Amino acid sequence: MKKKINFIYTGQGSQYPGMLDELAETAKKYPVLKRVFEEASDTLGYDVVSTAANPELVGLTEYTQPLLVTQEYAQSFMYSNTKDNPGVMKSAAGHSLGEYSALLSTGSVGFSKTLLAVRKRGQLMQRAVPLGVGSMAALTTKTKSENFGKDISNILSKSGLELSVANYNSLSQIVISGAKSDMSKANDLLIEGLSDYKKVRFIPLDVSAPFHSPMMTTIESEYEQYIRGLSYFENNTNLTSVYSNYSSGFYKGTEADFYEKLKKQISSPVRWTEIMKKVVDNKSECDIIVEIGPKPILKGMFRTMNVDVDFFEGV
């Protein structure tokens with residue numbers, strides 16, 4: 001009997017220069033995999049392998065997002081075609097941008113349209129807030145608690161600062177996002193307000209925009225209009241097996257719900273901790289959890305819940 005698998009896909013931050021090199025070399029043996037890179041290059045108008053190898057370009061959001069989707073789509077192909085008894089997909093989830101790879105892996109959307117959608121998403125996100133105006137920071141603690149994120153959110157909501165929780169990454173890691181001018185004030189405020197937690201650290205992140213914050217709401221309508229123009233919604237057969245970062249639950253399978261969730265995901269927090277809990281609670285329906293991406297990021301987040309994740313190297 002084939003194993004039932006929950007696939008999880010990493011998001012932005014897992015990229016690195018040359019992340020497509022080995023997969024592109026392997027593609028010489030697999031004509032179908034080779035066509036993945038050809039289709040991506042034709043759709044985007046540049047060679048994805050050489051662009052992903054460029055240290056200056058791979059970190060720019062408008063390039064990072066389609067390049068990551070390409071990497072994860074190719075890696076998923078390798079998993080399905082090189083593993084002995086790879087099993088069958090039971091459900092899929094992706095962290096932030098990784099949600100698009102999850103949708104793609106279930107056949108709910110097409111590859112070329114996904115590349116165009118995430119490129120537009122990256123361009124709009126970069127344009128939403130002038131460079132240097134927005135910022136993000138991670139807060140970590142040695143204490144594992146479901147209240148860590150709630151307490152941070154409560155402190156920020158009462159502070160008057162233009163900051164909010166962007167990512168509920170795990171029981172011990174939360175990311176905040178918003179106005180760069182308020183970050184230094186938040187450092188002192190949060191360290192003091194979280195004194196009941198062990199070894200709290202405030203870590204500024206090197207990002208170009210305040211992702212998953214209300215500062216991104218200005219681009220939601222334009223993005224929705226763009227993906228509707230692509231006729232991005234294609235197949236609802238397996239859509240209800242994909243977790244949404246916006247709601248932390250499964251997609252409903254309707255066109256209206258599909259576009260609403262992708263639009264709102266841009267300015268809403270990533271509810272990854274809730275998604276992880278649902279995946280773990282649903283473990284009886286799933287034999288293994290497999291992470292797909294350039295490097296293992298989500299594996300460590302699941303470890304805070306004492307759950308093992310297999311990371312597929314891809315080649």
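## Basis of the description

In this predicted model, local features need pLDDT of at least 70 and side-chain atom pairs count only at pLDDT 80 or more, while totals for chains, interfaces and linings use all residues. Residues are numbered from 1 along each chain as its sequence is written, and side-chain values use heavy atoms, with hydrogens and water left out.

Helices (H or I, at least four residues) and strands (E, at least two) are DSSP runs, numbered from the N terminus. Two strands pair if DSSP finds at least two bridges between them.

## The antiparallel sheet

Four strands form an open sheet with antiparallel pairing, in the order S4-S5-S3-S6. Strand S4 (163–170) and strand S6 (201–205) stand at the edges; each has a single partner strand, so one side of each is left without a neighbour in the sheet. From one strand to the next, the twist averages 25°. Seven antiparallel bridges join strand S3 (residues 134–140) to strand S5 (residues 173–179), and Met136 stands opposite Ser177 in S5.

Axes are lines fitted to C-alpha atoms, for helices over the stretch in contact, and angles run from 0 to 180 degrees between N-to-C directions. Helix H7 (residues 147–159) lies across S3, S4 and S5 and runs at about 175° to S4. Helix H8 (residues 183–193) lies across S3, S4, S5 and S6, at about 145° to S5.

## The parallel sheet

The order S2-S1-S7-S8 describes an open sheet of four strands with parallel pairing. Its edges are strand S2 (88–94) and strand S8 (310–311), each with a single partner strand, so one side of each is left without a neighbour in the sheet. Strand S7 (residues 288–292) pairs with S8 in the parallel sense over two bridges, and Val290 stands opposite Asp310 in S8.

Helix H4 (residues 61–82) lies across strand S1 (4–9), S7 and S8, running at about 135° to S7. Helix H11 (residues 272–281) lies across S1, S2 and S7, at about 160° to S2.

## The packing of H4 and H6

H4 also packs with helix H6 (residues 111–128), at an angle of about 150° and with the axes 7 Å apart. The two helices, H4 and H6, are therefore roughly antiparallel to each other (a term for angles over 145 degrees). Residues of H4 including Val69 and Tyr73 meet residues of H6, among them Phe111 and Leu115.

Methods
Contact = heavy atoms within 4.5 Å. Parallel < 35°, antiparallel > 145°, perpendicular 65-115°, else oblique.
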